[in-house]
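Keep the viewer open as you read.

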Amino acid sequence: MRICLLEDDLELGRSLQALLQNADHDVMWLRRIADARLWIAEGGFDAVVMDLGLPDGDGMELLRSVRRNHRKLPLLVITARDAIEDRLDGLDGGADDYLVKPFAGSELLARLRAVVRRSQGDEAADQPAEWQLRDLVLDEPRMEVRRGQERVPLSRTEFSLLLTLIKLPDRVVTRRQLENRAPCQMDGRSLDVHISNLRRKIGEGYIRTVRGVGYLVERQ
């Protein structure tokens, strides 16, 4: 998973980053609310692990803001605030779980897995199995694209990029978001190549370039 870790304490931050990386997660460690707002808005994270006591603002306000704007993003709070009122405020403010310092690393990993599982279960229940864009139909479970009765052969990466765009119709998806959500390591040049191949296979007129920003698909 790609994890956003928000913790201002240097020693604890290094320790948590190493713990998560040793569990095969990709970790972006941030220490300021301003940086967290910027990177979380870009998208591409599977979960956020965040402290509440931060040097440049109110962690609770950030928590509520992230929950409003990213309704299904798993949020795990780690904090020294152990009063029952603080725990209730955190959970009511949008945290999926609330872990009081000090804690065992194994417990953090277990709770993180649990909140991500729950979010994925909710997402699967809410979303359709098929997505349609004009005459194209994407079958997500089968990873197939059809135009009428004809199957359009796409690679796993091409399918993932098209699915990301179709799930956000009429919205610009940034290049960074597409790179982060691809199933393989990707940079700007390889993204352009994959988009070009995707257009060649599904036809022109589906994916529009927003120069210097990213791409979008339009319903009509």
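Start with helix α1 (residues 10-22), which lies across β1 (2-6), β2 and β6 and runs at about 170° to β2. A quick word on terms: helices (H or I, at least four residues) and strands (E, at least two) are DSSP runs, numbered from the N terminus. Contact means heavy atoms within 4.5 Å, while axes are lines fitted to C-alpha atoms, for helices over the stretch in contact, with angles from 0 to 180 degrees between N-to-C directions. Helix α2 (residues 33-42) packs on the sheet too, touching β1, β2 and β3 (47-50), and its direction makes about 145° with that of β2.

Before going on, bear in mind that this is a predicted model, where local features need pLDDT of at least 70 and side-chain atom pairs count only at pLDDT 80 or more, while totals for chains, interfaces and linings use all residues. Residues are numbered from 1 along each chain as its sequence is written, and side-chain values use heavy atoms, with hydrogens and water left out.

Now for the sheet itself. It's an open one of five strands, in the order β2-β1-β3-β6-β7, with parallel pairing; two strands count as paired if DSSP finds at least two bridges between them. β2 (26-30) and β7 (97-100) stand at the edges with a single partner strand each, so one side of each has no neighbour in the sheet. From one strand to the next, the twist averages 20°.

Which feature does UniProt place at residues 2-116? The unreviewed entry gives "domain: Response regulatory" there; UniProt positions follow the numbering used here, feature names are shortened, and annotations may be inferred rather than shown by experiment. That span is 48% helix and 23% strand, and its end C-alpha atoms lie 11 Å apart.

A few backbone details are worth a look. Most residues other than glycine have a negative phi, and most peptide bonds are trans. The peptide bond from K101 to P102, though, is cis, with omega near -5°, and P102 sits in the loop between β7 and α5 (105-126).

M143 has a positive phi of about 55° without being a glycine; it lies in the loop between β9 (136-139) and β10 (144-147). D170 also has a positive phi, near 60°, and belongs to the loop between α6 (156-166) and β12 (173-174).
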